[in-house]
Amino acid sequence: MVILKKCESYDFILVKEKVNEIFLESNLLDKINEKTNVFVKLNLVGPFDPSLGITTHPIVVKAVLDILSTKTKNIIIGDNPATRDQIATLKKCGIYEIIKEYEKNQKIVVVVSAQGKTTDMLVEE
């Protein structure tokens with residue numbers, strides 16, 4: 001199943017409305033409860049500015065997490081990017097601070113590392 005929605009800007013309210021429409025049309029939220037584990041797959045091909053449209057936009061990530069976190073706290077977010085320094089990639093892409101916000105509220109569990117191993121990417125010295 002593929003559902004596309006046109007969105008004129010990255011205004012958070014507008015993006016969240018479109019993402020919510022997708023969840024409703026797909027009936028995916030009906031399949032998620034507080035015990036469900038959900039994996040959110042990002043596109044983190046490299047450390048690119050969100051304005052370039054190469055990686056998942058941070059506003060889309062925030063909208064998805066806002067909606068999913070109302071159903072479950074068992075959210076795993078990640079990717080297997082070509083870069084070795086995932087924290088630098090997440091920061092450049094504008095996603096790091098969003099993940100930290102949800103992690104602080106225990107709504108995100110882990111991020112998958114570049115080596116394909118599950119690791120806590122938010123621990124930074």
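I began with how an axis is defined: it is a line fitted to C-alpha atoms, for helices over the stretch in contact, and angles run from 0 to 180 degrees between N-to-C directions. I noted that this is a predicted model, in which local features need pLDDT of at least 70, side-chain atom pairs count only at pLDDT 80 or more, and totals for chains, interfaces and linings use all residues. Residues are numbered from 1 along each chain as its sequence is written, and side-chain values use heavy atoms, with hydrogens and water left out.

Entry on α1 and α2. I looked up helix α1 (residues 12-26), which packs with α2 at an angle of about 55°, the axes being 9 Å apart; helices here are DSSP runs of H or I with at least four residues, strands are runs of E with at least two, and both are numbered from the N terminus. The two helices are therefore oblique to each other (under 35 degrees counts as roughly parallel, over 145 as roughly antiparallel, 65 to 115 as roughly perpendicular and the rest as oblique). In the contact (heavy atoms within 4.5 Å), I found Phe-12, Val-15 and Phe-23 among the residues of α1, and Ile-59, Ala-63 and Leu-68 among those of α2.

Entry on α2 and α4. I then took helix α2 (residues 58-68) with helix α4 (residues 96-104), whose axes come within 9 Å and cross at roughly 20°, and I wrote down that they are therefore roughly parallel to each other. The contact includes Val-61 and Leu-65 of α2 and Ile-98 and Tyr-102 of α4.

Entry on the strands. Strand β1 (residues 38-41) and strand β2 (residues 75-78) run parallel and are joined by four bridges, where pairing requires that DSSP finds at least two bridges between two strands. I saw that Lys-41 stands opposite Gly-78 in β2.
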